Amino acid sequence: MKKSEADLILKNEVPWLYSKKVKEHFFNPKNFMKPSEEKKFKYNAYGEAGSAVCGDLMKFWLWIDQKTEKIKKARWRTFGCGSAIASTSMLSVMITEKGGMPLTKAQKIKPQDIMKRLGGLPIIKIHCSVLGDEALRAAIKDYERQKNEKNKNRQK
Ligand code: FES
């Protein structure tokens, strides 16, 4: 009887398709919003995104320094798979490391940038990394919308 691909992976006869970095972020996700933390976490931007491919959902909270417009803190939570967890964990590190990423740069992050830092993802899992990226952009949009409203009110 011919062995399935899953059998081969489980018996270590072919390498697991996930990189060491993916496993690291999946088993120890960074900046994950714990339910106990949600009410206490101070944020000024929120966004969410859903995947039409698998029906999973991603939520993103940001604390943005209003003077520098750099992302100082990020939290996220997903009802997605391990690839979504690992890629969003990596994304949250990328936007908050080195003193925080400016919004203009964060807006331009692509799933390929996240995958590069993760050492790749199986092709069938690429849509999972898009989820975090879209929720991040939705949160940045939320921040810009609030900023425009404040500016309009000041002009009145
Ligand atoms: Fe839905 Fe990965 S399969 S996020």
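In this predicted model, three strands make up an open sheet, ordered β1-β2-β3 and paired in antiparallel fashion. β1 (45–50) and β3 (70–78) lie at the edges, each pairing on one side only. From one strand to the next, the twist averages 20 degrees.

The pairing of β1 with β2 (residues 57–65) is antiparallel and consists of six bridges. Within this pairing, glycine 47 is placed opposite phenylalanine 60 of β2.

Two helices pack on the sheet. Helix α3 (residues 82–96) touches β2 and β3, and its direction makes about 170 degrees with that of β3. Helix α6 (residues 126–155) touches β1, β2 and β3; the direction of α6 makes about 145 degrees with that of β1.

| Helix | Strands touched | Angle between directions |
|---|---|---|
| α3 (residues 82–96) | β2 and β3 | about 170 degrees with β3 |
| α6 (residues 126–155) | β1, β2 and β3 | about 145 degrees with β1 |

How do α3 and α6 pack, and at what angle? The angle between α3 and α6 is about 40 degrees, and their axes are 7 Å apart. Angles under 35 degrees would count as roughly parallel and those of 65 to 115 as roughly perpendicular; α3 and α6 are therefore oblique to each other. The crossing in which α3 passes α6 is right-handed.

Which residues of α3 and α6 meet? On the α3 side they are Ser83, Ala84, Ser87, Thr88, Leu91 and Ile95. Their counterparts in α6 are Cys128, Ser129, Leu131, Gly132, Asp133 and Leu136. By class, the residues of this contact comprise six nonpolar, five polar and one charged.

As for the chain overall, six helices and three strands are present. Read from the N terminus, the elements follow the order α-α-β-β-β-α-α-α-α. The C-alpha trace spans about 75 × 30 × 30 Å along its principal axes.

Of the 156 residues in the chain, 29% are buried. Among contacts in the chain with a separation of 6 or more, 66% are between residues 24 or more positions apart.

To return to the sheet and its helices, β2 is joined to β1 by six bridges and is touched both by α3 and by α6. The edge strand β3 is likewise touched by α3 and by α6.

Methods. Residues numbered from 1 in each chain as written. Predicted model: local features only at pLDDT ≥ 70, side-chain atom pairs only at ≥ 80, totals over all residues. Pairing = 2+ DSSP bridges. Helix = DSSP H or I, 4+ residues; strand = E, 2+ residues; numbered from the N terminus. Axes fitted to C-alpha atoms, helices over the stretch in contact; angles between N-to-C directions. Contact = placed C-beta atoms within 7 Å. Buried ≥ 20, exposed ≤ 12 C-beta atoms within 10 Å, placed from the backbone. Parallel < 35°, antiparallel > 145°, perpendicular 65-115°, else oblique. Left-handed = near helix turned anticlockwise from the far one by under 90°. Nonpolar A, V, L, I, M, F, W, Y, C, P; charged D, E, K, R; others polar.
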